[in-house]
Amino acid sequence: MTHSRRSVLRRGAGLAVAGTAASLAGCTGNGGGGSEEFDSGYAAFFTLNDWANEVAGDNASFEDPVDVGQLGHGWTPDGTLAADVAATDAFVYLDSPEFAWAQDLAATLESDYDTVATVDVLDGLEGDLLEWNHSHGESHDEEGHDEGDHDGQGHDEGDHDNGTRYDPHVWTDPVLAAEMVDTIATGLGEADPDNAEAYAANAEAYAADLDAIDDAFRSIAEDAARDVAVLAGHNSFQYLEARYGFRLRSPVGVSPQNEPTQSEIADTIDLVDAEGIDVVLYDRFQSPRLAESIVENSGAAEAVPVTPAGGTTREWNDAGYGYLEQMTEINVPAFERAFGAQ
């Protein structure tokens, strides 16, 4: 993966463009972009915001500009976001065309607001990214698609310099998640050296929780009664498949823009019956109708939600669920049931 907007972690001695930031923010006097004390920032979507706050601890607070119930892919920010972020100390993002708005914002910050640290969590993970059509022979290959979020906001997710399209859902893999959290700690530590040790310690503690999720998925793979499960919807879990050897049969494939044919649905129902599958999975951020239809027309007993952990629901938000809770309370039990590993 070649990043066209490589993050540069930096903090200047002062903000020469403070007047410009103040103008952008529509105010005078206080200016924007970076204070003498590092204490605030933005992160591009739910999971990165959760991780950034875990790493920052009591030393800084991060905000998520994406509303509860929405995902960061295909999302369009309002006109004040650049000013809001420029008035803080850091922006944590994922340098992927799926999050083109965040790429553009990071480029603006790097160009015009050199006291705002930009932290690209994909830095160093280029060799670990999977192509969109990476599968175990179950998902449908695609010659190209317009990717959008699950609320129907679509955009062309674009190509990297080599023309290859990558699945951005790297954060679903807890092993890669630990590396991304460490990248956040490194970035914040470079921006705020006085608290670098605290950031590193917080990241290390959080990594232990991610190790527990990794262990849980490894146990599922080892104890599974079957080697395939059905996901009735957009497959955001290719990184879990690659990490643990899971096979997820999706009649939809990797793009939420795809519509399954009757033949694909019939083939999936046949697989459910042939494998004795009791549980059909579906993405909590999509409609459960396809999963419910497969259950009604097969020997399966129940449709069970999973989460790509790219956003949160009102219910989960009110319950205080972060990334760890979504993985441990939603995904691990669902995968256990779907693969017969209980």
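Trainee: Which exposed residues does the face of α8 turned away from its buried side carry?

Mentor: That face of α8 carries Q262 and A274, where exposed means over 50% relative accessible area, buried means under 20%, and partly exposed is in between, with a 1.4 Å probe and protein chains only. Before going on, keep in mind that this is a predicted model, in which local features need pLDDT of at least 70 and side-chain atom pairs count only at pLDDT 80 or more, while totals for chains, interfaces and linings use all residues. Residues are numbered from 1 along each chain as its sequence is written, and side-chain values use heavy atoms, with hydrogens and water left out.

Trainee: OK, and which residues of α8 are buried?

Mentor: The buried ones in α8 are E264, I265, T268, I269, L271 and V272. Seen down the axis of α8, these buried residues fall within an arc of 155°, so they line one face of the helix; the arc is that of the directions from the helix axis to the C-beta atoms.

Trainee: What do they pack against?

Mentor: The buried residues of α8 pack against β7 (229-231), β8 (248-249), β9 (279-283) and α9 (289-296), and contact here means heavy atoms within 4.5 Å. The names come from DSSP runs, with helices (H or I) having at least four residues and strands (E) at least two, numbered from the N terminus.

Trainee: How far does α8 reach from its first C-alpha to its last?

Mentor: Helix α8 covers residues 262-275, which is 14 residues, and reaches 20 Å, close to the 20 Å expected at 1.5 Å a residue. The expected span of a helix is 1.5 Å times one less than its number of residues. After α8 comes G276, which has a positive phi near 65°.

Trainee: Where's A309, and what is its phi near?

Mentor: A309 lies in the loop between β10 (302-306) and α10 (314-318), and its phi is near 60°, a positive value in a residue other than glycine. Most residues other than glycine have a negative phi. A309 has 0% relative accessibility, so it counts as buried.

Trainee: Switching topic, which residues touch the most other members in the largest nonpolar core?

Mentor: They are W51, F91, F217, Y323 and F335, in a core of 76 residues. A nonpolar core is a set of buried Ala, Val, Leu, Ile, Met, Phe, Trp, Tyr and Cys residues joined through side-chain atoms within 4.5 Å. Helix α5 (residues 174-191) gives the largest share of this core, 8 residues. Apart from it lies another core, of 16 residues, including I265, I269, V272 and V295.

Trainee: What is F217 in contact with?

Mentor: Leaving aside neighbours within four places in sequence, F217 is in contact with P174, L240, Y244, F246, M327, N331, V332 and F335.

Trainee: At what angle do α2 and α11 pack?

Mentor: Helix α2 (residues 46-56) and helix α11 (residues 323-338) pack at an angle of about 115°, with their axes 8 Å apart. Axes are lines fitted to C-alpha atoms, for helices over the stretch in contact, and angles run from 0 to 180 degrees between N-to-C directions. The contact is made by F46, T47, D50 and W51 of α2 and by Y323, L324 and Q326 of α11.

Trainee: Last one, is S61 buried, partly exposed or exposed?

Mentor: S61 counts as partly exposed, at 41% relative accessibility, and it lies in strand β2 (residues 61-63).
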